[in-house]
Amino acid sequence: MNVEERIRIEPDGSVTAFSGKIEFGQGIRTAFAQLVANELDVPVERVRVVLGDTAQVPFDFGTFGSNSVAQEAPALRLAAAFARRSLIGRASAQLGIPAARLDTKGGTIGDGDGRRISYADLVRDAPLAGAVPEDEPLLPPERWRHIGTPLARVEARDIVTGRARYTADVRLDRLARGAIARPPVRGARATRVDDRAARAVPGVIAVVHDGDIVGVVAEREEQARAAADALEIDWETPQRASSETQVVPMREDAGTDAALASAALTRSATYTLPSIASASIGPSAAVVDVRSDGATVYAGTHRPFGLRDAVAGSVGLPKESVRVMPQMSSGTYGRSSAPDVSVEAAVLSKHARRPVLVQWSRAEEFAHSPSRPEAVLEVTAGLDASGHMVAWRYDEHTNVHTAAGPDPRVAAMTSGRNAVPPYTIPSARVVLHVEPTPLRTANFRSLAAAENVFAIESFVDELAHASQQDPLAFRLRHVDDPRLRRVIERVAEVSAYGKKLPARHGHGFACTLYHGTYVAQVAEVEVAASGAVRVLRVWCVVDPGLVINPEGVRNQVEGGIQQSASWTLLEELRHKDGRVATTSWDMYPIATFRDAPESIEVLVEGDRGAPSTGVGEPGAVPTSAAIANAVFAACGARVRDVPLTPERVRKGMPAGAG
Amino acid sequence: MRLVFSVNGTKREVDPPPAASLLSVLRDDLGLTGTRFGCGSGQCGACSVIVDGRAVASCLMPARQAVDREITTIEGLATGEALHPVQEAFIAEDAMQCGYCTSGMIIAAAALLARDTAPDEAAIRDALAGNLCRCGVYGRAIRAVQRAAGTRAVAAGSSPAMYR
């Protein structure tokens, strides 16, 4: 890594930092600014962070897996530390003072005698450049001014004043609007397009039929939509190539079946989760300007370089001539790994010879976006006479979890994420079955971890109750990792887990280790006689290693819990004949202000000696099980099917409990 | 269709197609893109603006119905560099993630506080119930509205530092 790929000192002495990761509201721009400000010893407002602009940032594979801080923090810190040392070297030469007697302060370098020079002056003749050693020394903790300090989002003022520019807010000269005609069946191709009525709509610039894309470009959005609706199209539905189930063994200990057969107590259960929508508040959008010599793409994307290549391929341009400039984006939680809307805008722009903005309608967003796949999770476990787990068998049935499609090399870490429990069990067999589906499925927050952890943490709770053990103590018997033990014990403490609660209230516990981040949660719910569940309070202890911005971590984890509570109690995408039938928010209610818990208390207790890990996804992962376990504690209903609707909860209540 | 609006205290003249919504006029004719498109059917609150003192879904309001009314968008809440108390409070509580729904939430909260200076928590939840947030900042937004209303004690040092 060369410093100039990551850090530039501007002529005014401010600092620009570069990363290929993307901001979707996780607060990474803020955390990166803090890291760089910390090592360069400058005020944080002097740092500007460029994210994902393919003309400016080093290659990055994509923003997913809660890996942004984990991957980028070391690189940005090292580069900034090297920049600081290089500046001190230059100052030493210019001032004629040994480097050892110089120190940085607020973007200047000086000695104790008042001789001082600014970073701006030190880069006037030559920008910083050169290879950053992997062992570049970092500032010692006693010099940290920004790491570990709570900071509001650097974009906050722009967001609250409406000045923040999201993709659909990009306004270019001659910007036209596009709308796409959607096929009745996924994958259908237009064989005939009659555009006479469409061309009569005022403002229409072009009707486009190029490969799989049929659409209209017009001066205004209303006109583009009206014209797209006026197209008369014959569609041909291709025979779908059938694919096979991929069976991926994830853990296979010899003797698991024998250990199950000889266990003192065995239990089996099956858990199901439906397909759910990413349900971004802002529908997918892209502005693309295709010219003869290149293209510029303004979009929200998890994969700026992947998007660049996809757009280049769709309009026949060399990829080097395409620049992706990521804009602020509505949270999409993984959905924007697919290049779809940008490819549509690119093809329309190419034919219209104008920059084109395409923003999907709400109905398109529900019906045509990729969705989180459904899952069926079968689990059997055996306990010995002392109540210890001795055998575990787990079969996960789901679909592909990534926009890239089936890939046996990554199936275990995507569709099989967190299928292997974090507990010490002598014999286990964990098998992933990735099954074909006619639906369009793709990346969604935590991939399969939320589903697997719902099943595992619900089932462990069931095992504890079946063997008359406290659910928390039962888990601790099977946990060796001291950091996992600590978050479990801490959340029990802060939530007063196990204390007597009012009638129909219950506490439920769940935990996870997700990509290096430790999370333990307790939910308190109230269950009405109708079976309606209200989440009253959630406590969470999270250990993501060294914490850059505690406020950012809290916010992410709270949000993950809130979103996951919504999945758990409310969400299910409806299908009909292999298509998504959901088209509006009234068909897909998500949690509102009225549903929000009274409190979500997140304690950020990161291990400072451990590397920084992510927090965007982990907070959401254990919440479904914590709620389901709390429902059981409150009313005796063990609900194994998400969402936990009032009907399911009521049906699950033991006789006399309702 | 020539229309004259009063937007954020200024008279603006536009010439949109007859069926244009207030949202499309704000965003596409007046360049006020802080009001966001979310669903086009009044179900998400992202496009909320204040019309004659009430928060309304601008996607549902035909532009011609907004003539002769006082419209306030997110861009019109601050007075110069001085933010509206609700805007200040949303920053102080870090009550945002992606920020896409934030304009609508702040508009709904400002309209609420203009008619009820000290709403209780239930009133805040009710007033903002039409503003969907997928990132999950509801709890923070409730605290922000309470903070703006002065109905919640705020301990010194309880807010993250602000970045100016």
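In chain B, helix 3 meets helix 5 through B:Met105, B:Ala109 and B:Leu113 on one side and B:Ala141, B:Val145, B:Ala148 and B:Ala149 on the other; two residues are in contact if their C-beta atoms, placed from the backbone, lie within 7 Å. The model is predicted: local features need pLDDT of at least 70, side-chain atom pairs count only at pLDDT 80 or more, and totals for chains, interfaces and linings use all residues. Residues are numbered from 1 along each chain as its sequence is written, while chains are lettered from A and ligands numbered from 1 in the order in which they are written. Helices (H or I, at least four residues) and strands (E, at least two) are DSSP runs, numbered from the N terminus.

**Helices 3 and 5 of chain B**

- The contact of helix 3 with helix 5 consists of 7 nonpolar, no polar and no charged residues; Ala, Val, Leu, Ile, Met, Phe, Trp, Tyr, Cys and Pro count as nonpolar, Asp, Glu, Lys and Arg as charged, and the others, Gly among them, as polar.
- Helix 3 of chain B spans residues 102-115 and helix 5 of chain B residues 138-149; they pack at an angle of about 35°, with their axes 11 Å apart.
- Axes are lines fitted to C-alpha atoms, for helices over the stretch in contact, and angles run from 0 to 180 degrees between N-to-C directions.

**Domains of chain B**

- Chain B is divided into domain 1 (3-76) and domain 2 (85-149), with bounds that come from an automatic or database domain assignment.
- The contact between them takes 14 residues from domain 1 of chain B and 13 residues from domain 2 of chain B.
- On the side of domain 1 of chain B that touches domain 2 of chain B, strand 3 (48-51) and strand 4 (54-57) each supply at least two residues.
- Strand 3 of chain B gives the most to that side, with 3 residues.
- That side of domain 1 of chain B divides into 7 nonpolar, 5 polar and 2 charged residues.
- The C-alpha centres of domain 1 and domain 2 of chain B lie 20 Å apart.

**Strand 7 of chain A**

- Strand 7 (residues 176-180) of chain A is largely enclosed by the rest of the structure, because 5 of its 5 residues are buried (20 or more other C-beta atoms within 10 Å of a residue's own, with C-beta atoms placed from the backbone).
- A:Ala176, A:Gly178 and A:Ile180 lie on one side of strand 7 and A:Arg177 and A:Ala179 on the other.
- Strand 7 of chain A runs parallel to strand 17 (residues 356-359) of chain A, joined by 3 bridges; strands pair if DSSP finds at least two bridges between them.
- With strand 10 (residues 213-218) of chain A, strand 7 of chain A pairs in the antiparallel sense over 4 bridges.
- A:Gly178 has A:Val358 as its bridge partner in strand 17 of chain A and A:Val217 as its bridge partner in strand 10 of chain A.

Technical notes
A residue is buried if 20 or more other C-beta atoms lie within 10 Å of its own, exposed if 12 or fewer, and partly exposed in between; C-beta atoms are placed from the backbone.
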